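Have a look at the model first, then read on.

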Amino acid sequence: MKLDKIEVVTDHKHLQIREITDSGGYHRRVLTCDQTLADDEHQEVKDRAEELWTDEVKTAWTTFQAEQEARMNPENT
Amino acid sequence: MSGITNQVGARSGVIGSGGGIGYEEGTWTPTGDVTFSGATGFYTKIGRLVTLSFAILWGSDTEGSNAQIKSLPFTAAGTNSRGGGFLSYSSDGTASSLYLGSTTTVYVKASAGAGVVTNTDLQTRDLMGVITYITA
């Protein structure tokens, strides 16, 4: 698929990716800073991730996720 | 002029002079903590409100971690109060509710008031459903 747009969303620096499929439609996905990017990921996406996904951002996202997970399982808190 | 494009296959458009409502439709591919045996999804976004539909064939699992649907096409503006969803079909027979537990993750629950079901509960099951939320 062809990369069409990269949007940076929230303080957690999610990369919201829009691609164009072979049939001409849109395909979307969101990448978060705890993800390991695939080797065949678009180079522009890799570059933005390298730039934006600092240790501070990763720590903040990990903390946020843990808080949300605890809400899902209140008996574990 | 006002309104929203309604042509079949319309990818996007903004109708109306000066700050109209944005419209976009396309596909997404659900993922989870287990590898799904099959997964397809579609979305329609009007303004900041997005509605997703999906069909998933859940993968095998024995670890029993929370059943999650990830790789949403848009980041949610927040959690639980910003959206949620339901299963229109589940061969599991128990899962029915979809909870927006994170800005990028939906959890599968047995009912709105029940706990999260596990990947083990859903392994090799077919799930189809709809999710709606406000985007960031």
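The points below go from the overall layout of one chain to the contact between chains and then to a few single residues.

1. **Ground rules.** This is a predicted model, so local features need pLDDT of at least 70 and side-chain atom pairs count only at pLDDT 80 or more, while totals for chains, interfaces and linings use all residues. Residues are numbered from 1 along each chain as its sequence is written, chains are lettered from A and ligands numbered from 1 in the order in which they are written, and side-chain values use heavy atoms, with hydrogens and water left out.

2. **Chain B at a glance.** You'll find 1 helix and 9 strands in chain B; helices (H or I, at least four residues) and strands (E, at least two) are DSSP runs, numbered from the N terminus. Along the sequence the order is β-β-β-β-β-β-β-β-α-β. Of its 136 residues, 42% count as buried (under 20% relative accessible area, with exposed meaning over 50% and partly exposed in between, using a 1.4 Å probe and protein chains only). Take the contacts (heavy atoms within 4.5 Å) between residues at least 6 apart in sequence: 59% of them in chain B join residues at least 24 apart.

3. **How the strands line up.** Strand S6 (residues 83–90) of chain B runs antiparallel to strand S9 (residues 126–134) of chain B, with 7 bridges joining them; two strands pair if DSSP finds at least two bridges between them. S6(B) and S7(B) make a hairpin with 6 residues between them, and Gly93(B) in the turn has a positive phi of about 85°. Elsewhere, 6 bridges join S2(B) to strand S3 (residues 38–46) of chain B in the antiparallel sense, with Tyr23(B) opposite Ile46(B).

4. Leu98(B) lies in strand S7 (residues 97–100) of chain B and is buried, at a relative accessible area of 3%. What does Leu98(B) contact, leaving aside its neighbours within four places in sequence? The list includes Phe54(B), Ile69(B), Phe86(B), Leu87(B), Val108(B) and Ile131(B).

5. **Where the chains meet.** Chain B and chain A bury about 1900 Å² between them, 48% of it on carbon and sulfur atoms; buried area is the accessible area (1.4 Å probe) that two parts lose on being put together, summed over both. The contact takes 26 residues from chain B and 21 residues from chain A. Between the two chains there are 8 residue pairs in polar contact, both residues at pLDDT 80 or more (N or O atoms within 3.5 Å; within protein, one must be able to donate a hydrogen and the other to accept it, and residues adjacent in sequence count only if both atoms are side-chain atoms). Strand S2 (21–28) and strand S8 (106–109) of chain B each supply at least two residues of the side that touches chain A, and S2(B) gives the most, with 5 residues.

6. Strand S3 (residues 26–31) of chain A and S2(B) pair in the parallel sense over 3 bridges. In S2(B), Trp28(B) is the bridge partner of Arg28(A), and Gly26(B) is that of Tyr26(A).

7. **Charges between the chains.** The count between chain B and chain A is 2 salt bridges (a side-chain nitrogen of Lys or Arg within 4 Å of a carboxyl oxygen of Asp or Glu). Glu24(B) forms one with Arg28(A), the closest N and O atoms being 2.6 Å apart. Both residues belong to a salt-bridge network together with Asp4(A), Lys5(A), Glu7(A) and Arg18(A).

8. **One more spot in chain B.** Asp33(B) forms a salt bridge with Lys70(B), at 2.9 Å between the closest N and O atoms. The pair links distant parts of the chain, with Asp33(B) in the loop between S2 and S3 and Lys70(B) in the loop between S5 and S6, 37 residues apart. Asp33(B) is partly exposed at 43% relative accessible area, and Lys70(B) is partly exposed at 24%. The side chain of Lys70(B) also makes a polar contact with that of Gln68(B) (3.4 Å), and Gln68(B) is buried, at 8%.
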